[in-house]
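Hi,

Here is the structure I promised to pass on. Have a look at it first, and then read on for my notes.

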Amino acid sequence: QVHLVESGGGLVQAGGSLTLSCVASGIIFTIGDMGWYRQAPGKQRELVATISSGGDTNYADSVKGRFTISRDNGKKTEYLQMNSLKPEDSAVYYCQIDRLTTNRGPQYDIWGQGTQVTVSS
């Protein structure tokens, strides 16, 4: 069973930066599309950014120009570089992989446990 472990969250002042990381554990042969989502209290989980297996990226309008998603397949890791953070970016951030192949067969829609990002004004 593959697990995703996020790190890098924390408390930062408005205008600051954070970089989130998400590492996939286990024997993994291929990784499909990867993404970051977030959920603020009382709100639905929303897409932040995605990156395809080919490196194509997609961003929510609210983070375009401030956040950058990237991946390192050799390290089985995805990143989210967040700059110019705003209080409204405060949320629990989740990483997600839509599909991957492992030594035990394919797995789909895998999620991390979440990491808290709090931006103070």
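**R66 and its surroundings**

Leaving out residues up to four places away in sequence, R66 touches Q81, M82, N83, S84, L85, K86 and D89. Before you read too much into any of this, keep in mind that the model is predicted. R66 itself sits in the loop between strand 7 (57–59) and strand 8. Is R66 buried or exposed? Its relative accessibility is 10%, so R66 counts as buried.

Two of the contacts of R66 are polar ones that you can pick out by eye. The side chain of R66 reaches the backbone oxygen of S84 at 2.9 Å, and a polar contact of 2.7 Å joins the R66 side chain to that of D89.

S84 is worth a click of its own. You'll find S84 in the loop between strand 9 (77–82) and strand 10, and with 41% relative accessibility it counts as partly exposed. Its phi is near 50 degrees, a positive value in a residue other than glycine. As background, most residues other than glycine have a negative phi. D109 is another case: its phi is positive too, at about 50 degrees, although D109 is not a glycine. D109 lies in strand 11 (residues 105–111) and, at 45% relative accessibility, counts as partly exposed.

Q81 lies in strand 9, and its 28% relative accessibility makes it partly exposed. Along the chain Q81 and R66 are 15 residues apart, and their C-alpha atoms are separated by 8.2 Å. Not counting residues up to four places away in sequence, Q81 touches S17, L18, T19, R66, F67 and T68. With T19 there is a side-chain to side-chain polar contact of 2.4 Å.

**The disulfide**

There is one disulfide in the structure. It joins C22 to C95, with an S to S distance of 2.0 Å.

L4 is in contact with both cysteines. Leaving aside neighbours within four places in sequence, the other contacts of L4 include V23, A24, Q96, I97, I110 and W111.

**The core and strand 5**

In soluble globular proteins, nonpolar side chains tend to be buried together. Here the largest nonpolar core has 31 residues, and those touching the most other members are L4, W36, V48, F67, L80, M82 and Y93. Among the elements that give two or more residues to this core are strand 3, strand 4 (28–31), strand 5 (34–39), strand 6 (46–51) and strand 12 (115–120). The largest share, five residues, comes from strand 10.

Five of its six residues are buried, so strand 5 is largely enclosed by the rest of the structure. Strand 5 pairs with strand 6 in the antiparallel sense over five bridges, and six bridges join strand 5 to strand 10, again antiparallel. Y37 shows both pairings: it stands opposite L47 in strand 6, while its bridge partner in strand 10 is Y94. The hairpin of strand 5 and strand 6 has six residues between the strands, and in it G42 takes a positive phi near 80 degrees.

Happy browsing!

Note on methods
Residues are numbered from 1 along each chain as its sequence is written. This is a predicted model: local features need pLDDT of at least 70, side-chain atom pairs count only at pLDDT 80 or more; totals for chains, interfaces and linings use all residues. Side-chain values use heavy atoms; hydrogens and water are left out. A disulfide is a pair of cysteine sulfur atoms within 2.5 Å. Helices (H or I, at least four residues) and strands (E, at least two) are DSSP runs, numbered from the N terminus. Buried means under 20% relative accessible area, exposed over 50%, partly exposed in between (1.4 Å probe, protein chains only). A nonpolar core is a set of buried Ala, Val, Leu, Ile, Met, Phe, Trp, Tyr and Cys residues joined through side-chain atoms within 4.5 Å. Contact means heavy atoms within 4.5 Å. A polar contact is a pair of N or O atoms within 3.5 Å; within protein, one must be able to donate a hydrogen and the other to accept it, and residues adjacent in sequence count only if both atoms are side-chain atoms. Two strands pair if DSSP finds at least two bridges between them.
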